[in-house]
Amino acid sequence: MSYRIGRLVTAGAIAAFVASSALAQSARPIAADMTLVSGPRDMAWQDCVGADHPGILLRQDNLAQLKLVHDELGFKFIRFHGILHDDMEAYREVDGKPVYNFDKIDAVYDAILKTGMKPFVEIGFMPHDLASGTKTIFYWKGNGSPPKDWGKWSDFMTAFARHLEDRFGVAEVRSWRFEVWNEPNLDGFWTDGNQKTYLKLYEVTAKAIKAVDPALLVGGPSTAGAAWVPEFLAYAKASGTPVDFVTTHAYGVNGGFLDEKGEGDNKLAPQPGSISNDVWKVRGEMQADWPGLPLYFTEWSTSYNPRDPIHDDYLSAAFILDKLKKTENGAQSMSYWTYTDLFEEAGPPPSSFHGGFGLVNREGLRKAAFFAYKYLNELGSQALAGSDTRSILTRTKNGFAGLFWDYTTPDQKESNRPFFRKVRPAGAVAPVELNLTKLTPGTYRLTLHRTGYEANDVYTQYLKWGMPKDLSANQIATLQKQSADKPDIDLKVTVGADGTFRRSFAMRQNDVILVKLEESPR
């Protein structure tokens, strides 16, 4: 028998916390019959993850982080902006005639495929020589204007699709997805957020790609805030434009706030249905005429602000699980935005922790949000029946794996930047009382991994250090140890002839715990 304390806190402190929690809170019972499999798990969370622009995907530090999240979290597709940006040199004109060069695009897709992932191709932004306007967005200046010549754009899309099939193989590219543009309902991303012009862009693009190969998958409208889906589908139906999937975005914040310096800021949306209401709204809009069409949320997160400390905070892990649980079977993909803080929409990352979107920070440290996905990836493939709305129960090859969380919206009276730049200890909540039945009698290994306040929580330690701009090598090493995900519990237990197992596990606000009970080798 062994028992290990997996975090930099004393055994006495944990024992005191467990005891006080058990006394102060009534238990939260969770029961599972190991023979009652409800079906395969919903895996929309693992389908795709976001990134910034293709240039950074050719950098070794970025590729190393992409390989990390693929190997440890299991993401399958990657979606990013700007594959047609001038940095890629795919399109230019000489004496008014188009010249195509896909060498840099090929290098980006080669790098992605080498990690074991596939491209979710977001078509945009507009190459300078084909653009009808000069307005740009982001630090790296993406052009959001329509083409100056629709015929040249169509020919470009034809050449693009044909080249990809020639270079990577027909079967391979048929497994990719082609999404037309990004958030065209927002000015800057698309000229004046003009819906009519976007619908024309979608039609011309989709028909050009399908003319190369009808089996290539094309969709849109890739809107912010779950917008335009009824109009998009109505237009496609009326015009005979092909649609293979619907894409849109949702974030869990409200806008229009000022931080402590009087600068624009966001605030965590307190509504229980944030994000999930958008998923079910769009699914309902598709139901009448397009009921079987896949729905991909190609961006979602706590916040759409690239400098929002909520992304770094331990609360994000529970937030992610709360939203994924509430959207089960509503969408076929929930693509988290993004996997890394190596991200340049607002400029290069200015400090080690700056509220970046990533699951890992600039130096590759795993944030609390990372562990929500790590634990999801360590569950079994078969879902067990259960009524608890803040858990996922599964049967594994050798026993049981369950994920339990508490998502408590904080009492937040200020916007995110001041609020999530303070150390916030977590109070106790009801302990989980797990009761498993119809297990095979024998010897099992029980493990518990925890993420929450000061547990796989590099950001709280960073705050305690006074938020240094750049972490030292020693500080990075310390945070790597603190986020090594060592188990709180690791011991052998015996399941008797009655096939039952019961145990209580302490919980705090916004804790996430992964409990495994797996048969030891005979």
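**Around E10.** I began with E10 and strand E11 (residues 218-223), which pair in the parallel sense over two bridges. My labels are DSSP runs numbered from the N terminus: helices are H or I with at least four residues, strands are E with at least two. This is a predicted model, so local features need pLDDT of at least 70 and side-chain atom pairs count only at pLDDT 80 or more, while totals for chains, interfaces and linings use all residues. Residues are numbered from 1 along each chain as its sequence is written, and side-chain values use heavy atoms, with hydrogens and water left out.

Which residue stands opposite Glu-179 in E11? I found Gly-219 there. Strand E7 (residues 118-123) is also joined to E10, by four bridges, and the two run parallel. On that side Glu-122 stands opposite Glu-179.

I then checked burial, where buried means under 20% relative accessible area, exposed over 50% and partly exposed in between (1.4 Å probe, protein chains only). Strand E10 (residues 177-180) is covered on both faces: Arg-177 and Glu-179 are buried on one side, Phe-178 and Val-180 on the other.

**The seven-stranded sheet.** Next I traced an open sheet of seven strands in the order E2-E17-E18-E19-E24-E21-E22, with antiparallel pairing. Its edge strands are E2 (37-40) and E22 (489-495), each pairing on one side only. Neighbouring strands are turned by 25° against each other on average, direction ignored. (Axes are lines fitted to C-alpha atoms, for helices over the stretch in contact, and angles run from 0 to 180 degrees between N-to-C directions.)

Strand E21 (residues 442-451) and strand E24 (residues 512-519) share eight antiparallel bridges. Leu-446 has Leu-517 in E24 as its bridge partner. Helix H10 (residues 368-377) packs on the sheet, touching E18, E19, E21 and E24, and its direction makes about 155° with that of E21. Helix H9 (residues 315-326) lies across E18, E19, E21 and E24, running at about 110° to E19. Contact here means heavy atoms within 4.5 Å.

I also looked up Gly-399, which sits in strand E19. Is Gly-399 buried or exposed? At 10% relative accessibility, Gly-399 counts as buried. Leaving aside neighbours within four places in sequence, Gly-399 is in contact with Met-34, Thr-394, Leu-517 and Glu-518.

**H2 against H10.** The axes of helix H2 (residues 60-73) and H10 come within 8 Å and cross at roughly 40°. H2 and H10 are therefore oblique to each other; under 35 degrees counts as roughly parallel, over 145 as roughly antiparallel, 65 to 115 as roughly perpendicular, and the rest as oblique. Leu-68, Val-69, Glu-72 and Leu-73 of H2 meet Phe-370, Tyr-373, Lys-374 and Asn-377 of H10.

**The three-stranded sheet.** Last, I found an open sheet in the order E1-E20-E23, with mixed pairing. Strand E1 (28-33) and strand E23 (501-508) stand at the edges with a single partner strand each, so one side of each lacks a neighbour in the sheet. E1 runs parallel to strand E20 (residues 428-437), joined by six bridges. Pro-29 has Glu-433 in E20 as its bridge partner.

Notes: Pairing = 2+ DSSP bridges.
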